Amino acid sequence: MRKTIVSDKDGTLSLESILSALPHCIMIVDRNLQAINCSVVGLQIMGVSSLAELPKGAPATCVAQSDRKHFQKMLLRAFDAPSGKYVEPFEVALEFPDGRSMLVECHLSLLANPEDEIDAVMISFQDVTALRTTENKLDQANSILSSILTTIPDAMVVIDEQGLISSFCATAEKMFDYDKADIIGKNVKILMPEPYRAAHDGYIERYVRTGDKRIIGIGRTVVGCKKDGTTFPLQLEVGEAKIGDDRYFTGFIVDLTEKKQTEAELQSLQADLAHASRLSAVGTLASSLAHEINQPLTAIANYLSAARDLMDGDLEENKIYFREALQESVAESLRAGTIVRRLREFVSRGEINRQVLSIAQVVEDATVLGMIGAQEKGIQCSIDIAPDTNHVFVDRVQIQQVMVNLMRNAIEAMSDSPQKRLHIAVTSVDSQTVEIAVSDTGSGIDAELEERIFDPFASTKGDGMGLGLSICRTIVEAHGGTIGAEPNPEGGTIFRITLEKAELEQDDDQ
């Protein structure tokens, strides 16, 4: 920057007036690098009241010893620069006699006389101590954050209000098979399969609009989608942060593939064990049933045999005895029925831990487990949950066991189908009942098994035991609901489950 000094009296007074009014530390030095004028604020910062009180050799002598040569070099270079030359600002540390220190940014302006010769340089000292301290702290914070993002064992993804990814840690790169450079700026729904992908933007919009937290601060199990389309279950924890007027959401993600596979294997082993236990108990129950039933059956046979003999005689004379034999036969028949009913109750009795739960969350959690490995088999899954379905009073584990059983059966039924679509719909039948429909495009149910598909030991699988759907019916009916099957118009089967809605709702934490 080029300035012109006016050397007459009026001009000098004008310059001094300007310097006295400036709110910054301004100093003018001559070619000997000696201060020839200074702003009032500059004198105050230097700790003196007049130019004469400045330390000898100021301003160079006020510069820290480590920066002094650089300071003098920059000033001499300015005096040698062509008129109008812009001089880049530079930083030095100032040290004052009273022990204070300050980091300043120096801006140089070249002052030329009427002959266009550089007679002096005006230095503007801008205190950047706080700024540089803040920048250093910010650099340290960024360095720490970078270290965290590189080494954090769980995946971490940060998005803005539009759902765009602004941060993607190294673990997330490995988990989803995306490079950080390729994923930054993309919508986070790219990490989700359908139907969650299509609905995600609506979730953010609803929260921003209403402030109603359904997932923030609460962990939940959801489904993730890798770059190649492979799906996997994951645990998601979401936090919220505000920087100025901007809102960001941080998601911490744990891959549950191994855990869910282990749970699935454990459930399978438990089911196999339960099947084996039931089959083992069949012999004992049959023996017990035969022993208990044998007595009333023997009595019935004896009474009926006696009645037959009475018919060979005088019926009028033996009328009383004949009636008594028939009455006793009826009584023994009822006794046999009671024995069978009590044994059946004993076999089917079980504890149910029922709670008021969101039917949407129960279904979604079951889907995570039931759909493990389904996408790799070409299965297209969709979920449609009506907003008025609300809550049900159920045992979460048992109802999810029913859902998983139906989904796994559907996946197996579609193994050879050209179209592999699994659809789960949750709707309200009326104000008291909710329906879950699980439909597939599989091979369907054999006509000969259609009427007894829920009976024990009725199976459409060559190696099946025919107990899965029977157990499903037992669970659903124990909840006061119903389960049925019907042909799917698109091919395959639709299983429909009805459950009673809960009278008392609780906050939906999803």
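Modeller: Let's begin with Asp177, which counts as partly exposed at 40% relative accessibility; buried means under 20% relative accessible area, exposed over 50% and partly exposed in between, with a 1.4 Å probe and protein chains only. Please keep in mind that this is a predicted model, where local features need pLDDT of at least 70, side-chain atom pairs count only at pLDDT 80 or more, and totals for chains, interfaces and linings use all residues. Residues are numbered from 1 along each chain as its sequence is written, and side-chain values use heavy atoms, with hydrogens and water left out.

Asp177 sits in the loop between helix 5 (170-176) and helix 6 (180-183). Helices (H or I, at least four residues) and strands (E, at least two) are DSSP runs, numbered from the N terminus. The phi of Asp177 is positive, about 65°, although this residue is not a glycine.

Now to Phe176. Not counting residues up to four places away in sequence, Phe176 touches Phe168, Leu191, Gly224, Cys225, Lys226, Lys227, Phe232, Leu234 and Ile253, where contact means heavy atoms within 4.5 Å. Phe176 also belongs to the largest nonpolar core, which has 69 residues; Phe168, Phe176 and Ile436 are the members that touch the most others. Helix 11 (residues 396-413) gives the most to this core, with 8 residues. A nonpolar core here is a set of buried Ala, Val, Leu, Ile, Met, Phe, Trp, Tyr and Cys residues joined through side-chain atoms within 4.5 Å.

Glu240 is partly exposed, at 29% relative accessibility. Leaving aside neighbours within four places in sequence, Glu240 is in contact with Tyr207, Lys213, Ile216, Arg247, Tyr248 and Phe249. Glu240 and Ile216 are 24 residues apart in sequence, and their C-alpha atoms are 7.0 Å apart.

Two of those partners also make polar contacts with the side chain of Glu240: the side chain of Tyr207 at 2.5 Å, and that of Arg247 at 2.7 Å. A polar contact is a pair of N or O atoms within 3.5 Å; within protein, one must be able to donate a hydrogen and the other to accept it, and residues adjacent in sequence count only if both atoms are side-chain atoms.

The side chains of Glu161 and Arg247 meet in a salt bridge, 3.5 Å from N to O. This pair links distant parts of the chain, 86 residues apart: Glu161 is in the loop between strand 7 (155-160) and strand 8 (165-168), while Arg247 is in strand 11 (residues 246-255). A salt bridge is a side-chain nitrogen of Lys or Arg within 4 Å of a carboxyl oxygen of Asp or Glu. Arg247 counts as buried, at 17% relative accessibility, and Glu161 as partly exposed, at 25%.

The whole structure holds 11 salt bridges. Another one of them pairs Glu105 with Arg132, with the closest N and O atoms 3.7 Å apart. Glu105 lies in strand 5 (residues 101-112) and Arg132 in helix 4 (residues 129-151), so this pair ties together parts that are 27 residues apart in sequence. Glu105 is buried, with a relative accessible area of 19%, and Arg132 is buried too, with 16%.

Next come Asp365 and Arg396, whose side chains meet in a salt bridge of 3.6 Å, N to O. Here Asp365 lies in helix 10 (residues 359-370) and Arg396 in helix 11, so the pair ties together parts that are 31 residues apart in sequence. Asp365 is buried, with a relative accessible area of 17%, whereas Arg396 is partly exposed, with 29%. Salt bridges that share partners also join Glu91, Glu105, Arg132 and Glu135 into one network.

Let me close with the backbone, where we started. Like Asp177, which has a phi of about 65°, Asp116 has a positive phi, near 65°, without being a glycine. Asp116 is placed in the loop between strand 5 and strand 6 (118-127) and is partly exposed, at 37% relative accessibility. A cis peptide bond, with omega about 10°, joins Ala58 and Pro59; Pro59 is in the loop between helix 2 (40-46) and helix 3 (65-80).
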